[in-house]
Amino acid sequence: MSEHDDEFADVPALAAASGVTEPLRASRQAVPTDGGGTVSAIRWSRTDPPAPGREARITYLHGLGIDAHSFDQTAIAVDQPAVALDLPGHGRSAWREDADYAATATAPAVLAALDALDVPPGLVVGHSLGAILSARLAALAPERVTGLVLVDMSPDFAQRAVDRIARALESEESFASLDEVVERAIAARVGGDAATLRREARHSTRLGADGRLVRRHHFPHLGGRTSSVGRFADAWPDLEQLDVPLLLVRGDRGYVSPKLHQAFAERLPHATIVTVESRHAVQTQAPLPLARAIREWAGAHGLLDGVEEPPTTSSET
């Protein structure tokens, strides 16, 4: 068996690292969406085979160029039935012919996928591009969202940086091995230890026709075309009309700088903001502090079954 087989083989190790003795059961499900595409999801359930979709209490949406597996350890540590989607164009979900991965373009497919998965109203947790998408979902289908968690993203993040990241993904070359994937990530100062980066590489790549590893997401396969990831600033109206609790979890070395942190707090004074020690990919680099922040905030607002209101922590601002 190769490292690319049995995608959930490392769940017991993640659970042990999280201090969870009876972890949620993970399974993979793909559902059709409008337009003939499919969205693939990881379902985190308390039963095997999985319980009906209405058990889910949280939806996890990853960021640009990664996939649903980035939330594995966080989902295990939060310990609430959930679905984690591979966004359109990412992971095992279908690619869009127009390569438009802006929140406005992908939100209908994501909502259709949640309908097909029978996901009830609950929390939506979004990282980076997934955070912008989560705000769009809350605006389009407010009845679906009881609380919103943004992971290291503010709509004020520089658009030129967003576009530069997309162009870098489009130009990424294939890899000779998982070791090379890790080496390039370390050289790019992505952050995270080698074991975490290797796990991420195992889930985010597949064997290409020439035997080399290629990314699962669409961006390096565009053949000279360019993609769109939309204007992140367009999320402000979506966030400002929210009528549910809002949590921002930022990494102290992430994309939400102290200046953006202050501006976010001034513009959305009702939001809770928690800072953890991490770079941008908080869910892979600080999954347990992220899980703790979600559980404490959810407990304070009565948003999750079996999660009680905790004492106030000094990390909240």
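**Entry 1: the whole chain.** I noted at the start that this is a predicted model. I looked up the secondary structure and found 11 helices and 10 strands in the protein chain. Next came the radius of gyration, which is 18 Å; the globule rule gives 20 Å for 317 residues, so the chain is as compact as a globular protein of that length. I also took down the extent of the C-alpha trace, which is about 55 × 45 × 40 Å along the principal axes.

Entry 2: I checked the UniProt record, an unreviewed entry, and it annotates residues 61–292 as "domain: AB hydrolase-1". Over that stretch I read 40% helix and 15% strand.

Entry 3: Which peptide bond is cis, I wondered? I found the one from Asp-48 to Pro-49, with omega near 5°. Pro-49 sits in the loop that runs between β2 (38–45) and β3 (58–61). I then stopped at Asp-118, where phi is positive, near 60°, although the residue is not glycine. Asp-118 also belongs to a loop, the one between α3 (103–116) and β5 (122–127).

**Entry 4: α3 against α4.** From that loop I moved on to the helices. Two packed helices are described by an angle and a distance between their axes, so I looked up both. For α3 and α4 (residues 129–140) the angle is about 65° and the axes are 9 Å apart. The crossing of α3 past α4 is right-handed. On the α3 side I listed Ala-103, Thr-104, Thr-106, Ala-107, Val-110 and Leu-111; on the α4 side, Ile-132, Leu-133, Arg-136, Leu-137 and Leu-140. Sorted by class, this contact has eight nonpolar, two polar and one charged residues.

**Entry 5: α6 against α7.** At what angle do the axes of α6 and α7 cross, I asked next? I got roughly 120° for α6 (residues 178–187) and α7 (residues 194–204), with the axes coming within 9 Å. That angle makes α6 oblique to α7. Here too I wrote down a right-handed crossing, of α6 past α7. Leu-178, Asp-179, Val-181, Val-182, Ala-185 and Ile-186 are the contact residues of α6, and they meet Ala-194, Leu-197, Arg-198, Ala-201 and Arg-202 of α7. By class I logged eight nonpolar, no polar and three charged residues for the contact of α6 with α7.

How values were computed
Residues are numbered from 1 along each chain as its sequence is written. This is a predicted model: local features need pLDDT of at least 70, side-chain atom pairs count only at pLDDT 80 or more; totals for chains, interfaces and linings use all residues. Side-chain values use heavy atoms; hydrogens and water are left out. Axes are lines fitted to C-alpha atoms, for helices over the stretch in contact, and angles run from 0 to 180 degrees between N-to-C directions. Helices (H or I, at least four residues) and strands (E, at least two) are DSSP runs, numbered from the N terminus. Angles under 35 degrees count as roughly parallel, over 145 as roughly antiparallel, 65 to 115 as roughly perpendicular and the rest as oblique. A crossing is left-handed if the near helix is turned anticlockwise from the far one by less than a right angle, and right-handed if clockwise. Contact means heavy atoms within 4.5 Å. Ala, Val, Leu, Ile, Met, Phe, Trp, Tyr, Cys and Pro count as nonpolar, Asp, Glu, Lys and Arg as charged, and the others, Gly among them, as polar. UniProt positions are given in the numbering used here, feature names are shortened, and annotations may be inferred rather than shown by experiment. The radius of gyration is taken over C-alpha atoms; the globule rule is 2.2 Å times the number of residues to the power 0.38.
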